[in-house]
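Hi,

Here is the structure I promised to send over. Have a look at it first, and then read my notes below.

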Amino acid sequence: MFEIPTLQTARLRLTALTERHFDDYAAMLANPESTRWVGDGQPLDRTNAWRSLAMLLGHWQLRGCGMWALELKSTGEFIGRVGFMYPEGWPDLELGWMLKPEHQHQGYATEAGNAALDFVWNRLHAPRVISLVRIGNEASDRLAERLGGEHIEDMDFYGSHSHVFAYYPPHREHRRAYA
(Lines give C-alpha, C1' and ligand atoms only; values in the text may rest on other atoms or scores of the structure.)
Protein backbone atom coordinates (compact mmCIF):
# COMPACT_ATOMS: atom_id res chain seq x y z
CA MET A 1 0.00 0.00 0.00
CA PHE A 2 1.32 3.43 -0.96
CA GLU A 3 1.67 5.82 1.98
CA ILE A 4 0.08 9.17 1.19
CA PRO A 5 2.20 11.98 2.60
CA THR A 6 0.68 14.72 4.75
CA LEU A 7 1.57 18.30 3.86
CA GLN A 8 1.02 21.33 6.06
CA THR A 9 0.74 25.01 5.29
CA ALA A 10 0.11 27.92 7.61
CA ARG A 11 -3.64 27.18 7.82
CA LEU A 12 -4.16 23.79 6.18
CA ARG A 13 -3.36 20.12 6.44
CA LEU A 14 -3.34 18.20 3.17
CA THR A 15 -3.93 14.60 4.21
CA ALA A 16 -5.10 11.30 2.78
CA LEU A 17 -8.80 11.10 2.00
CA THR A 18 -10.27 8.51 4.35
CA GLU A 19 -13.63 7.08 5.24
CA ARG A 20 -13.91 9.66 8.06
CA HIS A 21 -14.06 12.37 5.36
CA PHE A 22 -16.77 10.60 3.39
CA ASP A 23 -19.91 12.27 4.75
CA ASP A 24 -18.46 15.74 4.16
CA TYR A 25 -16.98 14.68 0.80
CA ALA A 26 -20.31 13.24 -0.35
CA ALA A 27 -22.14 16.40 0.77
CA MET A 28 -19.67 18.55 -1.19
CA LEU A 29 -20.18 16.44 -4.34
CA ALA A 30 -23.96 16.55 -3.90
CA ASN A 31 -23.89 20.35 -3.99
CA PRO A 32 -24.46 21.72 -7.54
CA GLU A 33 -22.38 24.78 -6.66
CA SER A 34 -19.39 22.50 -5.98
CA THR A 35 -19.73 20.32 -9.07
CA ARG A 36 -20.74 22.95 -11.63
CA TRP A 37 -17.30 23.06 -13.28
CA VAL A 38 -16.17 19.45 -12.70
CA GLY A 39 -16.86 16.31 -14.75
CA ASP A 40 -20.26 16.57 -16.41
CA GLY A 41 -21.21 19.41 -14.07
CA GLN A 42 -23.83 17.36 -12.27
CA PRO A 43 -23.95 16.65 -8.53
CA LEU A 44 -23.15 13.11 -7.41
CA ASP A 45 -25.19 10.82 -5.22
CA ARG A 46 -23.48 8.99 -2.34
CA THR A 47 -22.74 5.89 -4.44
CA ASN A 48 -20.92 7.92 -7.08
CA ALA A 49 -19.23 10.06 -4.42
CA TRP A 50 -17.85 6.81 -2.95
CA ARG A 51 -16.58 5.79 -6.39
CA SER A 52 -14.95 9.21 -6.76
CA LEU A 53 -13.22 8.90 -3.41
CA ALA A 54 -12.02 5.36 -4.25
CA MET A 55 -10.70 6.50 -7.65
CA LEU A 56 -8.78 9.36 -6.05
CA LEU A 57 -7.25 7.02 -3.48
CA GLY A 58 -6.36 4.46 -6.15
CA HIS A 59 -4.56 7.16 -8.06
CA TRP A 60 -1.91 7.28 -5.34
CA GLN A 61 -1.20 3.56 -5.77
CA LEU A 62 -1.17 3.64 -9.56
CA ARG A 63 0.50 6.98 -10.24
CA GLY A 64 2.35 7.90 -7.03
CA CYS A 65 0.29 11.05 -6.61
CA GLY A 66 -3.33 12.02 -6.21
CA MET A 67 -5.74 14.24 -4.35
CA TRP A 68 -5.53 15.19 -0.71
CA ALA A 69 -8.33 16.06 1.69
CA LEU A 70 -8.02 19.67 2.84
CA GLU A 71 -8.51 20.21 6.54
CA LEU A 72 -8.31 23.39 8.56
CA LYS A 73 -5.42 22.96 10.99
CA SER A 74 -7.26 24.94 13.65
CA THR A 75 -10.34 22.67 13.76
CA GLY A 76 -9.69 19.59 11.62
CA GLU A 77 -12.74 20.48 9.50
CA PHE A 78 -12.81 19.02 5.96
CA ILE A 79 -13.07 21.92 3.50
CA GLY A 80 -12.30 20.35 0.12
CA ARG A 81 -9.75 18.54 -1.99
CA VAL A 82 -6.65 19.45 -3.97
CA GLY A 83 -4.07 17.45 -5.84
CA PHE A 84 -3.28 15.59 -9.00
CA MET A 85 -4.95 13.32 -11.49
CA TYR A 86 -3.59 11.57 -14.54
CA PRO A 87 -6.16 8.95 -15.52
CA GLU A 88 -6.10 7.14 -18.82
CA GLY A 89 -6.96 9.54 -21.63
CA TRP A 90 -5.84 12.72 -19.82
CA PRO A 91 -3.49 15.02 -21.78
CA ASP A 92 -1.01 15.41 -18.87
CA LEU A 93 -0.68 15.36 -15.09
CA GLU A 94 -3.43 17.70 -13.87
CA LEU A 95 -3.60 19.85 -10.75
CA GLY A 96 -7.22 20.20 -9.63
CA TRP A 97 -9.12 21.59 -6.67
CA MET A 98 -12.58 21.77 -5.19
CA LEU A 99 -13.62 23.62 -2.05
CA LYS A 100 -16.90 23.55 -0.20
CA PRO A 101 -18.72 26.77 -1.23
CA GLU A 102 -18.53 28.31 2.25
CA HIS A 103 -14.72 28.04 2.16
CA GLN A 104 -14.14 29.61 -1.25
CA HIS A 105 -12.57 33.05 -1.73
CA GLN A 106 -10.43 32.83 1.42
CA GLY A 107 -7.10 31.92 -0.19
CA TYR A 108 -7.27 28.25 0.80
CA ALA A 109 -7.06 26.92 -2.77
CA THR A 110 -4.02 29.09 -3.50
CA GLU A 111 -2.31 27.96 -0.30
CA ALA A 112 -3.06 24.29 -0.95
CA GLY A 113 -2.23 24.51 -4.66
CA ASN A 114 1.20 25.96 -3.91
CA ALA A 115 1.91 23.16 -1.41
CA ALA A 116 0.77 20.53 -3.95
CA LEU A 117 2.97 22.01 -6.67
CA ASP A 118 5.97 22.03 -4.33
CA PHE A 119 5.31 18.33 -3.68
CA VAL A 120 5.18 17.44 -7.37
CA TRP A 121 8.34 19.44 -8.17
CA ASN A 122 10.39 18.30 -5.17
CA ARG A 123 9.22 14.71 -4.68
CA LEU A 124 8.06 13.56 -8.11
CA HIS A 125 10.26 15.81 -10.26
CA ALA A 126 7.46 16.23 -12.79
CA PRO A 127 8.54 18.22 -15.86
CA ARG A 128 5.14 19.88 -16.24
CA VAL A 129 1.66 19.99 -14.71
CA ILE A 130 -1.53 21.35 -16.26
CA SER A 131 -4.92 22.52 -15.06
CA LEU A 132 -7.95 22.08 -17.28
CA VAL A 133 -10.36 24.92 -16.52
CA ARG A 134 -13.73 25.08 -18.23
CA ILE A 135 -14.20 28.25 -20.19
CA GLY A 136 -16.42 30.51 -18.07
CA ASN A 137 -14.92 29.44 -14.73
CA GLU A 138 -13.19 32.76 -14.16
CA ALA A 139 -12.42 32.09 -10.48
CA SER A 140 -10.39 29.00 -11.44
CA ASP A 141 -8.71 30.89 -14.30
CA ARG A 142 -7.52 33.47 -11.76
CA LEU A 143 -6.42 30.77 -9.33
CA ALA A 144 -4.39 28.98 -12.02
CA GLU A 145 -2.69 32.30 -12.82
CA ARG A 146 -1.96 32.96 -9.11
CA LEU A 147 -0.34 29.52 -8.93
CA GLY A 148 1.94 30.43 -11.84
CA GLY A 149 -0.02 28.73 -14.60
CA GLU A 150 0.45 29.95 -18.15
CA HIS A 151 -2.58 29.74 -20.47
CA ILE A 152 -1.11 27.73 -23.34
CA GLU A 153 -4.15 26.65 -25.33
CA ASP A 154 -7.86 25.92 -25.39
CA MET A 155 -9.15 22.45 -26.05
CA ASP A 156 -12.35 20.44 -26.19
CA PHE A 157 -11.99 17.94 -23.37
CA TYR A 158 -14.72 15.33 -22.98
CA GLY A 159 -17.28 17.70 -24.46
CA SER A 160 -16.25 20.78 -22.47
CA HIS A 161 -14.37 23.72 -23.87
CA SER A 162 -11.45 24.28 -21.52
CA HIS A 163 -8.48 26.55 -20.98
CA VAL A 164 -5.24 24.64 -20.48
CA PHE A 165 -2.85 26.20 -17.97
CA ALA A 166 0.70 24.82 -17.76
CA TYR A 167 2.97 24.98 -14.72
CA TYR A 168 6.69 24.35 -14.87
CA PRO A 169 9.15 23.59 -12.06
CA PRO A 170 10.80 26.63 -10.51
CA HIS A 171 14.56 27.00 -10.27
CA ARG A 172 15.96 25.28 -7.20
CA GLU A 173 16.65 28.55 -5.39
CA HIS A 174 13.01 29.63 -5.78
CA ARG A 175 11.42 26.58 -4.12
CA ARG A 176 9.15 27.37 -1.22
CA ALA A 177 9.22 25.57 2.09
CA TYR A 178 6.19 24.77 4.27
CA ALA A 179 6.27 24.26 8.00
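Predicted model: local features only at pLDDT ≥ 70, side-chain atom pairs only at ≥ 80, totals over all residues.

Let's start with the helix pair. Two packed helices are described by the angle between their axes and the distance between the axes. Here, helix α1 (residues 22-30) packs against helix α3 (residues 46-63) at an angle of about 115°, and their axes are 9 Å apart. By the rule above, α1 and α3 are therefore roughly perpendicular to each other. The crossing of α1 past α3 is right-handed.

Which residues make the contact? On the α1 side they are Phe 22, Asp 23, Tyr 25, Ala 26 and Leu 29, and α3 brings in Arg 46, Ala 49, Trp 50, Ser 52, Leu 53 and Leu 56. Sorted by type, the residues of this contact are eight nonpolar, one polar and two charged.

Now the strands. Strand β1 (residues 7-8) and strand β2 (residues 12-15) run antiparallel and are joined by two bridges. Look for Gln 8, which stands opposite Arg 13 in β2. A hairpin of three residues links β1 to β2.

Last, the aromatic rings. With centres within 6.5 Å as the cut-off, the count comes to nine aromatic pairs. One of them is Trp 90 with Tyr 158: the ring centres are 5.9 Å apart and the planes are at 40°, so the pair is tilted. Trp 90 is in the loop between β4 (78-85) and β5 (94-99), while Tyr 158 is in the loop between β7 (150-157) and β8 (160-167), so this pair ties together parts that are 68 residues apart in sequence.

Cheers

Conventions:
Residues numbered from 1 in each chain as written. Heavy atoms only, no water. Axes fitted to C-alpha atoms, helices over the stretch in contact; angles between N-to-C directions. Helix = DSSP H or I, 4+ residues; strand = E, 2+ residues; numbered from the N terminus. Parallel < 35°, antiparallel > 145°, perpendicular 65-115°, else oblique. Left-handed = near helix turned anticlockwise from the far one by under 90°. Contact = heavy atoms within 4.5 Å. Nonpolar A, V, L, I, M, F, W, Y, C, P; charged D, E, K, R; others polar. Pairing = 2+ DSSP bridges. Phe/Tyr/Trp six-rings, centres within 6.5 Å; stacked < 30°, edge-to-face > 60°.
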